[in-house]
Amino acid sequence: MFHGRWRTAGGALLRVVVVWAVSTLTLLALAGLLPDVQLQSDDGDSVTRTAVTAAWGAGVFGLLSALVWPLAVRALLLVPALVVGLLGFFLNGTLLLVALRLTPDGRGEADPQNAVVVAAVMSAVASATSTALAVRDDNAYRRRLSRLAGRGRRRGPGAGPGSPPGTLFLQLDGVGHRVLRDAVADGLMPTLAAWTGTTHRLTPWRTDWSSQTGASQLGILHGTNHDVPAFRWYEKDTGRLMVSNRPASAAELQRRAIRRTGDAGLLTLDGASRGNLFSGGADQLALVLSVAARRGRRNRSRAGYFAYFRDPANAVRTAISFVAEVCREIGQATRARIRGDAPRVGRGGLYPFIRAFATVVERDVVVAAVIGDMLAGRTAVYADLVAYDEVAHHSGPHSRDAAKVLERLDRSVALIAKVAEHTPRPYRIVLLSDHGQSPGQTFESAYGLTLRDLVRAGCGLPVPRRAQRTRSGAEARDALRDALHRPAGQGREERPPRGSGPMVLASGNLGLVSFPDVPYRMSREEIDRRHPALLRTLADHPGIGFLLVRSEEHGSVVLGPAGLEVPVDELTDTGPLAVLGRGAADAIRRTDSFPHVADIMVNSMYDPATGEVHAFEEQIGSHGGLGGEQSEPFLLSPVALSAPVDDGGELVGAEEVHQVLRRWLRECQGPQVPLGPIAGAVITTTEESPSKTRAEGAFPVPGGAVQDKQG
């Protein structure tokens with residue numbers, strides 16, 4: 001043991017010396033290339049004296065970075081999180097200027113602009129050198145990754161040699177079953193290709209009518225998505241507009257789910273929630289929207305940024321990748337315009353920055369947090385990577401732009417699998433998605449008017465000459481707003497109109513029409529009396545598949561073109577709903593039972609030949625309603641776990657997925673501890689079951705794994 005400690009200390013000292021030497025050489029090289037960086041006196045110095053000055057400057061810079069940077073980043077939590085990475089450049093430059101001024105006889109100096117460049121390069125080179133040296137030493141590699149993740153926390157209970165496996169649930173937001181299957185077959189995702197059919201089994205599952213993250217993730221993490229009819233909806237009893245990716249709405253949905261189930265969620269026992277809309281009952285939180293508005297350092301979702309950006313190399317690397325991603329998006333959008341790609345939506349304004357936040361900043365922070373959780377031996381971790389979903393909305397789910405994102409996501413999975421070889425307990429990695437995406441041009445692009453315009457025309461109300469575009473409901477937009485400390489305001493289209501006019505909301509290819517002046521769900525007969533042409537105008541439009549309304553005579557009914565009218569109780573998956581596939585009738589019936597279903601629920605047309613729908617938002621890859629790939633996400637689970645469903649069975653709804661994930665946690669000896677008693681709720685406990693441990697290193701990673709340097 002004594003010999004081992006000396007060996008470890010000697011190895012650490014050697015790495016410090018090597019990193020110092022490389023930093024010194026980097027500083028010498030940059031001083032030779034940049035005329036305003038000086039390491040000599042005005043009269044000139046010998047090579048030895050210049051080298052000593054460079055070594056002194058590099059050493060002081062490294063020491064200042066180690067001591068000052070974590071404190072500075074903690075203070076910068078009061079600043080918008082997205083700005084932290086950019087401020088890193090200037091802070092690094094300042095530290096280098098201080099280091100050069102502390103050199104003997106004041107021989108080192110640089111102008112501020114060059115100092116920023118030199119500091120960025122030195123930080124990146126030092127980080128790369130340290131990581132490369134640590135890879136050869138398992139213990140050092142673990143310590144390095146743990147520091148990058150910012151985790152100096154206690155290990156999870158039971159973590160250590162011979163401990164039962166932990167479970168990582170990694171959600172690839174918006175990646176449908178077909179998209180994943182094609183990506184694996186085409187070689188875009190070699191890591192997942194190596195797993196599929198060997199260590200893991202691929203299973204599709206079917207979403208509810210509301211095929212979007214708010215409904216799916218609430219059901220997966222909290223066991224119920226009751227009364228979530230869409231991504232956004234209006235509640236007449238409270239006068240409240242609910243938007244799934246707004247912090248206040250997410251917190252309310254989570255509160256309702258806990259009250260309904262009497263349980264805090266999937267991650268109650270030593271769990272971590274990273275990059276999600278909801279906490280799942282986890283104690284360790286980062287970038288979780290439902291707690292974004294809370295006070296207190298431990299529960300603020302932005303605290304996850306500190307854990308990542310406390311390392312200056314992380315800040316520099318992510319900032320550079322962010323800028324590169326902005327340029328990549330601008331270039332891809334320009335090429336799409338030049339080629340005349342169709343369908344196409346606008347990708348200007350702030351969108352390049354929103355995309356870069358989702359595909360770079362959020363990815364890097366979430367992956368680092370997951371690595372830290374695994375190295376800490378957490379029992380259960382659930383993390384969401386939203387990169388593909390954001391890009392596919394604007395470029396299309398089968399586009400080259402989206403394919404590039406899938407390649408980078410595969411590299412992130414490979415890195416996480418590599419880390420699993422160095423964790424204090426083995427991990428079972430489950431990949432899943434919350435929904436897919438269906439392609440197609442927007443409703444406005446296809447027909448020259450928005451759903452709101454069509455509703456107003458059916459009501460006999462004036463239609464604006466210039467249609468007002470419906471904002472996209474992509475998850476990354478409000479995550480970025482939270483990172484910038486911006487309040488979640490409401491767009492004009494989301495405010496209840498004055499008088500008796502209709503309120504029209506969009507959730508992908510699902511539209512909701514409500515009349516706020518009526519305090520209850522209006523019936524078909526009442527709507528016909530008030531606006532005789534409205535329902536037929538909507539049902540007969542070629543861009544609309546069907547409507548759901550309440551009838552005083554028949555209960556709720558589905559209306560379609562050419563006078564089609566079918567009571568909900570008589571719906572089957574044949575007849576008018578046949579094109580939507582199995583389960584559509586049950587999904588409609590379930591949504592019809594929700595207290596806050598809209599007066600008129602509108603589902604766009606679906607063409608089974610092309611797989612296309614028409615989104616009521618500015619999206620050419622959409623989800624939120626019925627029709628096509630959006631309703632078929634995937635579950636990629638280790639074969640060491642029990643099968644999600646029996647042979648020939650089907651996994652239907654996010655609530656069923658929740659039960660499957662709970663079963664797997666029990667198999668891994670990770671029973672969930674329910675929340676304390678809640679008024680009106682029945683609390684039950686979950687019994688442990690024997691685990692079937694899996695050997696470490698059971699995740700094949702083609703060609704090894706490295707940090708993604710390509711943004």
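1. The model is predicted: local features need pLDDT of at least 70, side-chain atom pairs count only at pLDDT 80 or more, and totals for chains, interfaces and linings use all residues. Residues are numbered from 1 along each chain as its sequence is written, and side-chain values use heavy atoms, with hydrogens and water left out.

2. The protein has 21 helices and 22 strands (DSSP runs numbered from the N terminus: helices are H or I, at least four residues; strands are E, at least two). Of its 711 residues, 59% are buried (under 20% relative accessible area, 1.4 Å probe, protein chains only).

3. Helix α16 spans residues 451–458. Six of its eight residues are buried, so α16 is largely enclosed by the rest of the structure. Those six are L451, R452, D453, L454, V455 and G458. Their packing partners include α15 (443–447) and α19 (534–539).

4. Six strands form an open, antiparallel sheet in the order β12-β13-β17-β14-β15-β16 (strands pair if DSSP finds at least two bridges between them). β12 and β16 (565–567) are the edges; each has a single partner strand, so one side of each lacks a neighbour in the sheet. The twist averages 20° from one strand to the next.

5. Five bridges join antiparallel β12 and β13. V504 has V513 in β13 as its bridge partner. α16 packs on this sheet, touching β12, β13, β14 and β17 (contact: heavy atoms within 4.5 Å). Its direction makes about 150° with that of β12 (axes are lines fitted to C-alpha atoms, for helices over the stretch in contact; angles run from 0 to 180 degrees between N-to-C directions).

How values were computed: Buried means under 20% relative accessible area, exposed over 50%, partly exposed in between (1.4 Å probe, protein chains only).
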